[in-house]
Amino acid sequence: MVRTRNQYSCFGRGSIEWIELTGPDHKLLDEILVYKRSNGKDELLIIQNLSGSTATILLPKDMKGSIWTNVLNESQVINSNTETVSLPPLSYFWLKEIKN
């Protein structure tokens, strides 16, 4: 995790934008922490499930049609048709958009 963090300069410098997400029922999810880190060079979306149970989030409309990869393990988390994502208890994604 430290190695991955050091690869992205936006963690140390740049802006942070807090984002509120809802579940599929459109209710605000207080147990989900979401923010975007960017510095002009790198941009990452961080999603953390702070609860002890699985949480399903409704992705923002501006993410639809994009592909996002978890930089911690290089797995594709969100594809162009994804509308919701489930996060296991106490888990997190560090997401980077794959540009076409």
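This is a predicted model: local features need pLDDT of at least 70, side-chain atom pairs count only at pLDDT 80 or more; totals for chains, interfaces and linings use all residues.
Local features need pLDDT of at least 70, side-chain atom pairs count only at pLDDT 80 or more, and totals for chains, interfaces and linings use all residues. Residues are numbered from 1 along each chain as its sequence is written, and side-chain values use heavy atoms, with hydrogens and water left out.

**Exercise 1.** State the order of the strands in the open sheet, and find which strands stand at the edges.

Solution. Step 1: strands are DSSP runs (E, at least two residues), numbered from the N terminus. Two strands pair if DSSP finds at least two bridges between them. Step 2: the six strands follow the order β1-β2-β3-β8-β5-β6, and the pairing is antiparallel. Step 3: β1 (15-19) and β6 (75-78) each have a single partner strand, so one side of each lacks a neighbour in the sheet.

**Exercise 2.** Follow the pairing from β2 through β3 and β8 to β5, giving the bridges for each pair.

Solution. Step 1: β2 (residues 32-38) pairs with β3 over seven bridges in the antiparallel sense; here Val34 has Ile47 as its bridge partner. The hairpin of β2 and β3 has four residues between the strands, and Gly40 takes a positive phi near 90 degrees there. Step 2: β3 and β8 are joined by four antiparallel bridges, and Leu45 stands opposite Leu95 in β8. Step 3: β8 (residues 92-98) also pairs with β5 (residues 67-70), in the antiparallel sense and over four bridges. Lys96 in β8 stands opposite Thr69.

**Exercise 3.** Determine how well β3 is covered.

Solution. Step 1: a residue is buried under 20% relative accessible area, exposed over 50% and partly exposed in between (1.4 Å probe, protein chains only). Step 2: in β3 (residues 43-49), six of the seven residues are buried, and the strand is mostly covered.

**Exercise 4.** Classify the aromatic pairs Phe11-Trp94 and Trp18-Tyr35.

Solution. Step 1: rings of Phe, Tyr and Trp (its six-membered ring) pair if their centres lie within 6.5 Å; planes under 30 degrees apart are stacked, over 60 edge-to-face, and the rest tilted. The whole structure holds three aromatic pairs. Step 2: the rings of Phe11 and Trp94 have centres 4.9 Å apart and planes at 50 degrees, so this pair is tilted. Both residues are buried. Step 3: Trp18 and Tyr35 are also tilted, with 5.1 Å centre to centre and 55 degrees between the planes. Trp18 is exposed at 56% relative accessible area, whereas Tyr35 is buried at 15%.
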